[in-house]
Amino acid sequence: MGIFDYFKSKNAPTSASVAKDRLQIIVAHERTKRCQPDYLPQMQQEIIDVIRKYVNIGSEDVQIQLDNTDDCSILELNVTLPE
Amino acid sequence: MAKIIVVTSGKGGVGKTTSSAAIGTGIALKGHKTVIIDFDVGLRNLDLIMGCERRVVYDFVNVINKEATLSQALIKDKRTKNLFILPASQTRDKDALTIEGVQEVLEELAKEFEYIICDSPAGIEKGAQMALYFADAAIVVTNPEVSSVRDSDRILGILQSKSRRAEEGKEPIEEHLLLTRYHPGRVALGEMLSVSDVEDILAIPLLGVIPESEAVLKASNQGTPVILDTISEAGMAYGDAVDRLMGEERPLRFLEVQKKGFIKRLLGG
């Protein structure tokens, strides 16, 4: 630690810790996607098409997620319907 | 039975070829018959790093296409006993490599060699997948930098799902992290991801840390693997990494900032 360091802000996170935080988030996100089966995007599209027959929704109004726990998989479907 | 080791990274320019050359040479120096294969079809560079670019007559693709025999294409290293290089083709397109062709060449090499080092091209396309497909072990070369770490994680996913071992449900590929271009001074200042940061994110065993070193460029200028520069930090760090790869215990070196004089320390420079 040199004398100039005393003038620097003590609270600002270092750029390396920012990098680590960003990486941990993006890597975790990409790993969950990696474990998803290949059919998921297509299934999502077909679900959207079915709902669209009855309600006018955009493709971003449907969130689909597959979570794997030890012995079961949960398919979570979240549809935001217009008012 | 030969051990097939892929040197891979996803991202380009992180030191795959430098590491392949250094580690291949290090293994051969230990008395194991070793061949390093350049999988970067169209962008061959291992020959330059190994200093044998003027001795290339036939290449990997010639052997696959049966235009040359393996013994015609293999280049015997002039400096290191037990070491051979199989250069990549410079002219042809990446489709020249086929799974069947690569398998045939690897099986023939396995009869004669103890270690087969596959120097992967950058990216996650066919060339890179071909280089890792038959691997028993992988050395994932990573720089302490966001895009390199992310790409390494990507390549780990591919190793775990698209390799032969994964497809056949065999024991997974042995994974090793090789952190290169490490700058202890910048890590101390909080400007660079530390060894433990990268280990936390990638969660694979650490094979070695190669400090940023002028010796690496000097070695490539001269066409000499940097591991032969035994007085340089990078050369010694590669030596340690090879020892660990062979199952020996070696403490990590060159991770601390070098001691500075009083004036420099006072100024924080």
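Me: In this predicted model, how do the axes of α1(A) and α7(B) cross?
Reply: The axes of α1(A) and α7(B) come within 10 Å and cross at roughly 25°. Axes here are lines fitted to C-alpha atoms, for helices over the stretch in contact, and angles run from 0 to 180 degrees between N-to-C directions. The two helices are therefore roughly parallel to each other, a label for angles under 35 degrees, with over 145 counted as roughly antiparallel, 65 to 115 as roughly perpendicular and the rest as oblique.

Me: Left-handed or right-handed?
Reply: α1(A) passes α7(B) in a right-handed crossing. A crossing is right-handed if the near helix is turned clockwise from the far one by less than a right angle, and left-handed if anticlockwise.

Me: Which residues of α1(A) and α7(B) meet?
Reply: From α1(A) they are Ala19(A), Leu23(A), Ile26(A), Val27(A), Glu30(A), Arg31(A) and Arg34(A). From α7(B) they are Val146(B), Val149(B), Arg150(B), Asp153(B), Arg154(B), Gly157(B) and Gln160(B). Contact means heavy atoms within 4.5 Å.

Me: And by class?
Reply: The contact of α1(A) with α7(B) has 6 nonpolar, 2 polar and 6 charged residues. Ala, Val, Leu, Ile, Met, Phe, Trp, Tyr, Cys and Pro count as nonpolar, Asp, Glu, Lys and Arg as charged, and the others, Gly among them, as polar.

Me: What about α1(A) and α10(B), how do their axes cross?
Reply: Helix α1 (residues 15–34) of chain A and helix α10 (residues 195–202) of chain B have axes that come within 10 Å and cross at roughly 15°. That makes α1(A) roughly parallel to α10(B). This crossing is right-handed. Lys20(A), Leu23(A), Gln24(A), Val27(A) and Arg31(A) make the contact from α1(A), and Asp197(B), Asp200(B), Ile201(B) and Leu202(B) from α10(B). By class that contact has 4 nonpolar, 1 polar and 4 charged residues.

Me: Is Leu23(A) buried or exposed?
Reply: Leu23(A) is buried, with a relative accessible area of 3%. Buried means under 20% relative accessible area, exposed over 50%, partly exposed in between (1.4 Å probe, protein chains only). Beyond its neighbours within four places in sequence, Leu23(A) is in contact with Val146(B), Val149(B), Arg150(B), Leu193(B) and Ile201(B).

Me: And Ala16(A), what does that touch?
Reply: With neighbours within four places in sequence left aside, Ala16(A) is in contact with Gly190(B), Glu191(B), Met192(B) and Leu193(B). Ala16(A) lies in helix α1 of chain A and counts as buried at 6% relative accessibility.

Me: What else is in chain A?
Reply: Chain A has 2 helices and 2 strands, in the pattern α-α-β-β along the sequence. Helices (H or I, at least four residues) and strands (E, at least two) are DSSP runs, numbered from the N terminus. Of the 83 residues in chain A, 18% are buried.

Me: Switching topic. How many residues are in the largest nonpolar core?
Reply: The largest nonpolar core has 54 residues, and those with the most contacts inside it are Leu86(B), Leu109(B) and Ile116(B). Such a core is a set of buried Ala, Val, Leu, Ile, Met, Phe, Trp, Tyr and Cys residues joined through side-chain atoms within 4.5 Å. Helix α7 (residues 146–161) of chain B gives the most to this core, with 5 residues.

How values were computed
Residues are numbered from 1 along each chain as its sequence is written. Chains are lettered from A and ligands numbered from 1 in the order in which they are written. This is a predicted model: local features need pLDDT of at least 70, side-chain atom pairs count only at pLDDT 80 or more; totals for chains, interfaces and linings use all residues. Side-chain values use heavy atoms; hydrogens and water are left out.
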